[in-house]
Amino acid sequence: MDFKAIVDPRSRGPSGCAVFGVFEGGTLGESGRLNGKIGGVVSKLHAAGDFAGKAGDSLLVTRTAGSRAARTLLVGLGPKSAFARKQYRKSIATAAHALAKTGAVDATFYLAADAHPDLDMQYRARIVAEVMRGQLYKIPDLKTSKKPKAPRLKLIRVAVADAASAKAAQRGLDLGEAIGNGVQLARDLANLPPNICTPTYLATRAQQLSQEFSSIKANILDERQIKALKMGAFLAVTAGSAQPPRLIVCEYMGGGAKKSVICLIGKGITFDSGGISLKDPLAMDEMKFDMSGGATVLGALRAAAELHLPLNIVVIVAACENLPSSTAVKPSDIVTSMSGQTIEILNTDAEGRLVLCDAITYSRRYKPSTVIDVATLTGACVVALGHHLSGLMSNNEALADELEAAGTRADDRAWRMPIGDEYVDQLKSNFADLANIGGREGGACTAASFLWKFAKDLNWAHLDVAGTAWQGGAQKGSTGRPVPLLVDFLINRARGL
Ligand code: BES
Ligand code: MN
Ligand code: ZN
């Protein structure tokens with residue numbers, strides 16, 4: 001799908017479908033002020049009780065007199081007084097849903113004019129591309145029966161009033177498209193079954209990414225190299241699996257040699273059975289999503305490369321399986337992490353922190369100015385925050401603020417949670433420097449505080465996306481979160497330079 005900003009001040013350009021916003025009460029949005037003829041149709045529909053402009057509602061009208069659009073789609077915006085970022089986003093999702101059911105191959109959005117005045121044109125357009133891509137996403141399933149129809153919609157235009165706005169809108173569309181591509185990569189990877197999406201497969205996809213973008217260099221470390229690095233914690237997790245582990249390292253040096261590095265680290269457990277501390281069978285299938293952190297840092301990197309962001313970014317994904325076997329790590333085994341700290345593994349199901357602590361130590365070779373790890377780390381985080389917000393822990397106030405703001409702007413929110421010595425105390429072991437679990441209480445915080453012990457003197461943040469990376473139930477599938485948060489963060493870092 002292509003996205004194009006056009007100048008159409010009178011909202012009357014030719015189109016397969018013109019999309020207008022209608023506020024509750026039946027008044028046309030800002031866009032429609034310019035188009036009296038459409039206004040006539042809207043007021044008639046409203047008077048007849050056919051369309052009230054409720055948020056989430058839409059109505060498709062055939063060609064109207066005076067319009068050069070083959071169809072007109074009216075999208076409910078809800079009450080004008082409440083119309084802000086969220087409602088704007090929702091109205092575009094509604095339009096996407098309705099458009100997909102029409103025969104239109106192209107559409108023109110006049111909706112962007114309705115967005116809250118606080119939202120600049122670039123942002124308005126970005127949301128159009130981002131939401132359209134997200135709404136039209138199809139899981140690459142392995143069903144043999146029905147062949148998925150190729151989406152008809154090929155071109156989305158965002159109509160604006162003048163050339164200056166068009167320039168901002170086009171940049172916004174490009175940003176939204178790149179975010180959409182990053183989200184799609186993450187969702188595609190996470191949705192794959194774990195017998196296909198193995199650590200080796202993830203590494204191959206990272207290599208493909210480096211072929212697609214000459215600015216990305218992929219370096220894949222195998223088990224021998226991981227051993228040579230003395231990543232004892234990472235190796236403990238993979239010990240029970242016949243699938244070889246991979247440490248996936250992707251470098252994107254778009255910022256030049258003088259700029260410091262931002263490290264994005266992802267948990268890449270391609271299946272988490274719990275190991276010897278075997279999980280309950282209920283919903284164990286969802287543990288194929290336990291590589292979502294890894295998938296999303298790759299997705300964010302893809303977006304950064306597509307946008308040529310002037311930043312240096314290194315992505316590190318620690319990929320392996322967590323399975324029980326006679327060679328698996330056992331509760332009470334003690335391992336030495338790459339940092340030298342010894343860890344008593346009391347529960348083999350607390351494996352994420354084990355692979356991440358070594359990945360964090362590995363990141364130090366880049367002397368990074370910022371390290372962010374993304375992980376489906378704890379069920380406790382889901383208990384604390386539900387499926388709405390990601391957990392955010394950091395040892396740096398400014399970095400935490402930056403990530404929190406990025407999440408809000410991208411509507412991919414994260415909520416700050418604590419780390420600290422109190423939680424590290426819960427990780428005391430009689431036999432090693434640290435235990436890998438700290439009891440039921442504050443599970444998300446003890447897990448993050450475990451990582452903090454390996455991130456001392458780094459500017460580090462941790463995103464626990466256990467509740468946000470995928471959905472269960474009938475809509476089961478990856479969400480691609482927190483790619484939007486990460487890319488928004490990166491865009492703003494690039495802006496600040
Ligand atoms: N991948 C899981 C966390 C998880 C669980 C994410 C459920 C989403 C839904 C992680 O590896 C894990 O098993 N964590 C344990 C830690 C515990 C043993 C301290 C958990 O949360 O139960
Ligand atoms: Mn686990
Ligand atoms: Zn896990």
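Tutor: Let's start with one pair: Asp 373 has His 462 in E18 as its bridge partner. This is a predicted model, where local features need pLDDT of at least 70 and side-chain atom pairs count only at pLDDT 80 or more, while totals for chains, interfaces and linings use all residues. Residues are numbered from 1 along each chain as its sequence is written, chains are lettered from A and ligands numbered from 1 in the order written, and side-chain values use heavy atoms, with hydrogens and water left out.

Back to that pair: strand E14 (residues 370-375) and strand E18 (residues 460-464) run parallel and are joined by 5 bridges. Strands here are DSSP runs of E with at least two residues, and helices are runs of H or I with at least four, numbered from the N terminus; two strands pair if DSSP finds at least two bridges between them.

Now zoom out. E14 and E18 belong to an open sheet of 8 strands with mixed pairing, ordered E8-E9-E11-E10-E14-E18-E15-E16. Strand E8 (216-221) and strand E16 (414-416) each have a single partner strand, so one side of each has no neighbour in the sheet. On average, neighbouring strands are turned by 20° against each other, direction ignored (axes are lines fitted to C-alpha atoms, for helices over the stretch in contact, and angles run from 0 to 180 degrees between N-to-C directions).

Two helices lie across these strands. Helix H9 (residues 352-363) lies across E8, E9, E10, E11, E14 and E18, at about 155° to E10. Helix H13 (residues 443-452) covers E14, E15 and E18, running at about 150° to E18. Contact means heavy atoms within 4.5 Å.

Lys 267 (NZ), Asp 272 (OD), Asp 290 (OD) and Glu 351 (OE) coordinate the zinc ion (ligand 3) at 2.0 to 2.4 Å, with donors being N, O and S atoms within 2.8 Å of the metal (3.2 Å for Na, K and Ca). Along the chain, the donors are spaced K-x4-D-x17-D-x60-E. The arrangement is octahedral because the 6 donor atoms subtend angles of 78 to 174°; the cut-offs for six donors are opposite ones over 155 degrees apart and all others between 65 and 115. Asp 272 also coordinates the manganese ion (ligand 2), 3.2 Å from the zinc ion (ligand 3). Lys 267 and Asp 272 are both buried, meaning under 20% relative accessible area with a 1.4 Å probe, protein chains only.

How values were computed
Four donors count as tetrahedral if all angles lie between 85 and 135 degrees; four count as square planar and six as octahedral if opposite donors are over 155 degrees apart and all others between 65 and 115; anything else is irregular. Buried means under 20% relative accessible area, exposed over 50%, partly exposed in between (1.4 Å probe, protein chains only).
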